[in-house]
Amino acid sequence: MKKVLIISASPRKNGNSDLLCDEFAKGAIEVGHEVEKIRLAEKKVGYCTGCYACQKLNKCVQDDDANAVVEKMLAADVIVLATPVYFYSMDAQLKALIDRTVSRWSDFDRFKGTEFWHIITAADTNKKMMSATLEGLRGFMRDCMEGSIERGVLYGTGAYEKGEVRDLPVFKEAYEAGKSC
């Protein structure tokens, strides 16, 4: 059994990337994994202020939900990072969380062997338009968390209206990905 942490950065509950997270979770639960989904829209995660007090305290001094989310990331065997793409990059909610992980930079060796999945949704059907998003996610995973493993990328392309992703092949792919983790 693996600990699977799904981080949904969708600001819309039951938005397209959020729905793919639910399908991934459904598959992972079906094969016996322990799954937790965090909706960043329901958490308070402020922006990193660059004060670097965290380097002495090993946690961020801001009193919000970021420290708890980062702790869950450190404890997970599998992490799913899901974001809608509006203009060529991950949304602000996910970027804010990623920046706040700097508070545990010295513990990033704990990510060695952690498996990552990326879920990216957009109205555009051209996956090339999402290359900057994927590169940002991969850079965080590959360059900051040495030894982590990318297991896959799920593209929910051509999904603009809330729920449209249900009619795309990626909906079933998300469920199967969850079963395979």
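Modeller: Two strands count as paired if DSSP finds at least two bridges between them. Strands (E, at least two residues) and helices (H or I, at least four) are DSSP runs, numbered from the N terminus. The model is predicted, so local features need pLDDT of at least 70 and side-chain atom pairs pLDDT 80 or more, while totals for chains, interfaces and linings use all residues. Residues are numbered from 1 along each chain as its sequence is written, and side-chain values use heavy atoms, without hydrogens and water.

Start inside the sheet. Strand S3 (residues 78-84) and S4 run parallel, joined by 7 bridges. Val-78 has Glu-115 of S4 as its bridge partner.

Now the whole sheet. It is open, has 5 strands and pairs in parallel, in the order S2-S1-S3-S4-S5. S2 (34-39) and S5 are the edge strands; each has a single partner strand, so one side of each lacks a neighbour in the sheet. From one strand to the next, the twist averages 15°.

Helix H5 (residues 131-144) packs on this sheet and touches S3, S4 and S5. Contact means heavy atoms within 4.5 Å. The direction of H5 makes about 160° with that of S4. Axes are lines fitted to C-alpha atoms, for helices over the stretch in contact; angles between N-to-C directions run from 0 to 180 degrees.

H6 also meets the sheet. Its buried residues (under 20% relative accessible area, 1.4 Å probe, protein chains only) pack against strands S4 (115-122) and S5 (149-157), and against helix H1 (16-30). Among those buried in H6 are Val-170, Phe-171 and Tyr-175.

Key:
Buried < 20%, exposed > 50% of the residue type's maximum accessible area, 1.4 Å probe, protein only.
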